[in-house]
Each structure stands twice: as structure tokens, then as C-alpha cells.
Amino acid sequence: MSSLAPRGYLKVSSIRMQGLLLLFFSKLAHVPFIRDIQDTYSRTGIFGYWGNKGGVSIRLSFYGHMLCFLNCHLAAHMQNASQRVDEFEYILDTQTFDPKKTPQILDHKLVFWFGDLNFRIQDHGMHFLRNCITSHKFNLLWSKDQLTMMKKKEALLQEFDEGPLDFQPTYKFDRFSDCYDSSGKMRKPAWTDRILWRKKQQQEEEEEFPLKLKQDSYTSYMEYGVSDHKPVIGIFTLELRKMYETPLVRVCAEGEWSADFDAIVIYSPLQPFPSSDWDWIGLYKVGFRSVSDYITYTWVKDDEVSFNDELTQVYVSKDEIPVLGGECVLCYYCSTLQCIVGISSPFKASAGLL
């Protein structure tokens, strides 16, 4: 968060199940157009009771297009390739969401499936494996990659795409080194860490709002040494036609903002949405990291004056505004939708008088 916030990214959602973590960040400009956010998880460890294995997911609507991100940690060991596929299918079957149009993962227009999927390289001996890796002849190993092999006989896996494995296997390394496992177990290198995606077949009614995906790169980051895995990175370009181009609420700061005067917020709904008394407007420093990073906030129904059905004014007491200066923004948070639905333009909050 500290690294991404200065680059203009905001943490929109996250979910954790023991060591399995999924974080979703977005550029601030997109945040008011990210809606219907939900997360869920499935345990597959120790007969489905333990969360050391399983999957966590975050789904959301992005400019009206339903996307789902699924992070998995599947069963380990060479002999469990079929079990890994069974666990993946179990996760798909058990994870459900509210909206009727996309109740399950595969109902989403675009699904990203990634994580420590734990598929191994079968049959090849250690000497041949290491020679192929040293000489960068990774293609000689592809035919014995378990995920590649399972895709030939599992129709569900055939629906998912993956970029070419043009990087060396990312497991298992001695920590803080580029040396593969030198312990007594001498585990064979493998592409356990993967990023796949599935784009749903376009329906006729969706032709008006197409979505295209292109993978720009698929590689590993060898400099990382904290884990016995090397991180895998996928960069994609998502091209889509927006189903809507205006936020649900317009919000702005009126007049001067400082700790010396009561401040005024003006907001107006731009389209119907499920507002409630629990909605609030937060004051944030430009470069904030998450929704909870507000300086102060006001409930939209407190101290409000409605000029008409389209425009509402809310007062923020000067006592609630810290004595500070700098660039700030206001964000309208809808409690029913559990997301930011409107962001003001940046404005200057001056320091209070001493």
C-alpha cells in the first residue's frame, strides 16, 4: 500500500484465509465505477475443514462488466495432479455470489485464476530438468507439465488460457538465492505458480458492450528471495466499452476549507442508487491508500440542507477538520453497495491559524 499509493493506486478490497491473501487495487479514477464488490473463500485442506489449502476470490463490476479474481493454493506433491483438478472444481462449485446474473465464478464475463496451483513437471529426471533450465530450453519441459497434460483430458481446464511458460520454473528455491532445492528432499523444479484466465463467450445481447483481453507479459521475478517460490507476474490490457460513464454521485467541496471555519460539502445523485442514512462522505489526503484512510467524515443525513431533490448541502464542523494543509478529495461512500460511488476533484485544505 505504501508503494502503490504514491503511484495513484487505492486498495479497493482484500480477503485473507490463513496464508492465502488476495488484494485488489485500482487507479483512483476508476474507483467510482467499481461496484457489486463481494469476496468469499473455500477451504480444501484436511477434508475441507482447514484453510491452509483452498481458494479466495473477489468479484466486482467494472464499468458494468462482471470480473472475478480467484487465488488458489491447491494440494501439493507430484502424485496429486487429479486431486488438484478436483479441488479447483470444488472451489468453483461452492463459491456463490448474490446477483442473479452471476451467481457463480464461471458466470462472470472474465475470470482470472492464479496462485500456487502446485502442478509439477512429471517423468523427467533431475539431470534433464536442470540442463533444460540452464540452457533456457523450457519448451522441452512443457509436454510433461501436469497442468498442460491435464488440460488435454479435462474440458473445464480447456476453457482457461495461459501465456507461454517462457521463464524458468519458480519452485523450489533455497531462500535468498537462485539455487533450486539443495535440501535432502531435492524437490524437482516446477511451474507451480500460474496465472490463467477465462473469457466467457459473448452473448448476443452483450455485443453492444464488448470486452477484449490481451496478455502483454508473463514472467517471474527472480530477484525476490524471501520465499522458496519466485513470484509470477502477468500484465494484461483490458479493452472494453463502458456500460456507464458517470458516477452515481457528484460530490464537491464548497468554499474555503480550513480548521478555522465550518466547511460545506455539496452532493447530488446523478442516477438512482440505494442510498441510506448510513452513507457517509470522507475527507482524504490526495494519495490515500484505502477507504479507511479518511481524515474525518460526515454522515450524509447529519446537518444537511436539501436545496431540491437534486442538490444537497452538508456541513462539516471545523472541530472535525484537523489543523493541516494540503491537497484533499471528498469521497461519497454508499453503505448498501459498500463502495465509493463519487469522488470530488482535488482541492486545497489550508492550515488553521495558530
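**Notebook: salt bridges and a surface patch**

I looked up Asp123 and found its side chain joined to that of Lys144 in a salt bridge, at 3.4 Å from N to O; the term requires a side-chain nitrogen of Lys or Arg within 4 Å of a carboxyl oxygen of Asp or Glu. This pair links distant parts of the chain, 21 residues apart: Asp123 lies in the loop between strand E6 (110-116) and helix H2 (126-134), Lys144 in the loop between helix H3 (139-142) and helix H4 (146-151). I took helices (H or I, at least four residues) and strands (E, at least two) as DSSP runs, numbered from the N terminus.

I note that the model is predicted: local features need pLDDT of at least 70, side-chain atom pairs count only at pLDDT 80 or more, and totals for chains, interfaces and linings use all residues. Residues are numbered from 1 along each chain as its sequence is written, and side-chain values use heavy atoms, with hydrogens and water left out.

I checked accessibility next, where buried means under 20% relative accessible area, exposed over 50% and partly exposed in between (1.4 Å probe, protein chains only). Asp123 counts as exposed because its relative accessibility is 55%, while Lys144, at 27%, is partly exposed.

I then examined Glu159 and Arg198, whose side chains form a salt bridge at 2.6 Å, N to O. Glu159 sits in the loop between helix H5 (155-158) and strand E7 (193-199), and Arg198 is in strand E7, 39 residues apart. Glu159 is partly exposed at 36%, whereas Arg198 is buried at 12%.

I recorded a further salt bridge between Arg187 and Asp181, at 3.8 Å, N to O. Arg187 has 25% relative accessibility and so counts as partly exposed; Asp181, at 3%, is buried.

I turned to the surface and found a nonpolar patch of Phe176, Tyr221, Tyr224, Val226, Ile233 and Ile235, together about 580 Å² of accessible area. Patches take residues with over 30% relative accessible area and no salt bridge, joining like charges within 9 Å and nonpolar side chains (Val, Leu, Ile, Met, Phe, Trp, Tyr) within 5 Å. Areas come from the Shrake-Rupley method with a 1.4 Å probe; for residues, only the protein chains shown count as cover. Val226 lies in the loop between strand E8 (211-220) and strand E9 (232-240) and is partly exposed at 44%.

For the whole protein, I noted five helices and 19 strands. Buried residues make up 46% of the 354 residues.
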